[in-house]
Amino acid sequence: MAISQDFNPFANLAVHVPKAYHEDVNHYSSTFGSKSPEDAPFKRYVDFWLLAAAVGASEEQFMTVDSSERHEFITGVVFQRDLATIEFLFLLAIAHSGDPFVAREPRQVLDIAEGYAAAGIPLVKEMMETGHLPALQNLTRSLVKSLADDSGATDG
């Protein structure tokens, strides 16, 4: 059985970032402006959020954010026709919870991704700000170095 291209269990759910990081997400995204990609590497807020979730998970960093400290920046409709991202969110939640049936609870899936993103945002921000180059180049170098370090650790 194939999943329809229109499958999106998150369409009507809010996606959040911690209020404390909302300005950082805005600063490094060109969602509502014409910022240079070198200075604002992310076309959309959600792109920053997704990378932050992946980095948070990779670093095994998770942060629970109180509902009063969360900022809604979009709804899950942004994932419409993006099955790869939907699968990523499901796999992240399954890996975190150890329960494949977590996929039946879209809000819980997003809460888990939000926890990893909350922990990952400052890590991604640090990557963009570490170095003497524009944010995009610093980020790229940090990610390449991180991947090289990870692959070397498994070889030895």
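This is a tour of one predicted model, stop by stop, with what to select at each.

The model is predicted, so local features need pLDDT of at least 70 and side-chain atom pairs count only at pLDDT 80 or more, while totals for chains, interfaces and linings use all residues. Residues are numbered from 1 along each chain as its sequence is written, and side-chain values use heavy atoms, with hydrogens and water left out.

**Stop 1: the core**

Select Phe 10, Phe 48, Trp 49, Phe 79, Leu 89, Val 124 and Met 128. Of the 37 residues in the largest nonpolar core, these touch the most other members. A nonpolar core is a set of buried Ala, Val, Leu, Ile, Met, Phe, Trp, Tyr and Cys residues joined through side-chain atoms within 4.5 Å. Buried means under 20% relative accessible area, exposed over 50%, and partly exposed in between, with a 1.4 Å probe and protein chains only.

Now colour strand 1 (14-18), helix 1 (19-27), helix 2 (45-58), helix 3 (83-97), helix 4 (106-129) and helix 5 (135-155); each supplies at least two residues of this core. Helix 4 gives the largest share, ten residues. Helices (H or I, at least four residues) and strands (E, at least two) are DSSP runs, numbered from the N terminus.

Next, select Met 128. Not counting residues up to four places away in sequence, Met 128 touches Tyr 28, Pro 41, Phe 42, Phe 48, Ala 135, Asn 138 and Leu 139. Contact means heavy atoms within 4.5 Å.

**Stop 2: Leu 51**

Move to Leu 51, in helix 2. Apart from neighbours within four places in sequence, Leu 51 is in contact with Phe 42, Val 124, Leu 139 and Leu 143. Draw a C-alpha to C-alpha distance from Leu 51 to Val 124: the two are 73 residues apart in sequence and 7.8 Å apart in space.

**Stop 3: helix 1 against helix 4**

Show helix 1 and helix 4. Their axes come within 10 Å and cross at roughly 45 degrees. Axes are lines fitted to C-alpha atoms, for helices over the stretch in contact, and angles run from 0 to 180 degrees between N-to-C directions. The two helices are therefore oblique to each other; angles under 35 degrees count as roughly parallel, over 145 as roughly antiparallel, 65 to 115 as roughly perpendicular and the rest as oblique.

For the contact, select Tyr 21, Asp 24 and Val 25 of helix 1 with Ala 118, Ile 121, Pro 122 and Lys 125 of helix 4. By class, there are five nonpolar, no polar and two charged residues. Ala, Val, Leu, Ile, Met, Phe, Trp, Tyr, Cys and Pro count as nonpolar, Asp, Glu, Lys and Arg as charged, and the others, Gly among them, as polar.

Within helix 1, Tyr 21, His 22, Asp 24 and Val 25 are buried. Their cover includes strand 1, helix 2, strand 2 (70-75) and helix 4. Asp 24 counts as buried because its relative accessibility is 17%. Outside four places in sequence, Asp 24 is in contact with Phe 48 and Lys 125.

**Stop 4: Glu 72**

Select Glu 72, in strand 2. At 44% relative accessibility, Glu 72 counts as partly exposed. Beyond neighbours within four places in sequence, Glu 72 is in contact with Ala 14, Val 15 and His 16.

**Stop 5: helix 3 against helix 4**

Finally, show helix 3 with helix 4. The axes come within 9 Å and cross at roughly 85 degrees, which makes helix 3 roughly perpendicular to helix 4. Select Leu 89, Phe 90, Leu 92, Ala 93 and His 96 in helix 3; they meet Val 109, Leu 110, Ile 112, Ala 113 and Tyr 116 in helix 4. The residues of this contact divide into nine nonpolar, one polar and no charged.
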